[in-house]
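Me: I have a model open and some terms to sort out. Can you take me through them?

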Amino acid sequence: MLSHDHIWRGIDRLAQSFGYSPSGLAKKAGLDPTSFNKSKRVSPDGKPRWPTTESIAKILSVTGATMSDFISLIDPDADDAPKKPQQTIPVIGFAQAGRKGFFDEDGYPAGDSWDSVAFPHAASKMDSRALFAISVTGKSMEPLYRPGDLLIVCPGVRVRRGDRVVVRTTDGEVMVKELAGQNAKQLRLKSLNPSFDDEVIPSGKIGWMSRILWVSQ
């Protein structure tokens, strides 16, 4: 039987798995940063206060974790389970991503000049894909992405209108935008920062485009 403590334990573990504090995860999900504070877990009259299903749905959405992932974190015996080896994925700086030698023609990591970064176990459902991370620099992606954020990218995932993507042109320019539209002739990209112009790129100038699955801060 699930208890009040089990649910809150799952939230704490989910936050830790993705490199957040509970308040950091709440903020990332668009909630009040104090939503998951210890003081908010008990009402003034001493009764247990439960997190809402909406708040749980939001933190699963922002991390990319599934309900099954969350349930596994609720398990009271999980602390005693053997620790899995830490998984890693390749990571590159944003400025390096436009240089030659780091990607193959399909946008998959290539060469041996990549660093690596820990990859949360809670996102293991994506481990079979050729994931990589790009470290954000500069302010062109604010307020959505800030310097130091890691964009987790998957070349093998289908891209749809409205997705946030990494695009590399045949000239070596790399940009992070929202896919506004695409046809046989061109790609329309919306800037994440309203201070920067949107882009229209001829299809022949697109080297590759990959979807951003989630961001780690």
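Reply: What follows sets a few terms against values from this predicted model.

Me: What is the pattern of the protein chain along the sequence?

Reply: The pattern reads α-α-α-α-β-β-β-β-β-β-β-β-β. That is four helices and nine strands.

Me: What makes the span of helix H1 close to the expected one?

Reply: H1 covers residues 4-17, which is 14 residues. The expected span is 1.5 Å times one less than the number of residues. For H1 that gives 20 Å, and the helix reaches 20 Å from its first C-alpha to its last.

Me: Which residues of H1 are called buried, and what covers them?

Reply: Buried means under 20% relative accessible area. In H1 the buried residues are His4, His6, Ile7, Trp8, Gly10, Ile11, Arg13, Leu14 and Ala15. Their cover includes helices H2 (22-28), H3 (53-63) and H4 (67-74). Across the protein chain, 42% of the 217 residues are buried.

Me: Which residues of H4 does H1 meet?

Reply: Phe70, Leu73 and Ile74 in H4. On the H1 side, the residues include Ile7, Ile11 and Leu14. The contact has six nonpolar, three polar and two charged residues.

Me: What follows H1?

Reply: Gly19 does, and its phi is positive, near 80°.

Note on methods:
Residues are numbered from 1 along each chain as its sequence is written. This is a predicted model: local features need pLDDT of at least 70, side-chain atom pairs count only at pLDDT 80 or more; totals for chains, interfaces and linings use all residues. Side-chain values use heavy atoms; hydrogens and water are left out. Helices (H or I, at least four residues) and strands (E, at least two) are DSSP runs, numbered from the N terminus. Buried means under 20% relative accessible area, exposed over 50%, partly exposed in between (1.4 Å probe, protein chains only). Contact means heavy atoms within 4.5 Å. Ala, Val, Leu, Ile, Met, Phe, Trp, Tyr, Cys and Pro count as nonpolar, Asp, Glu, Lys and Arg as charged, and the others, Gly among them, as polar.
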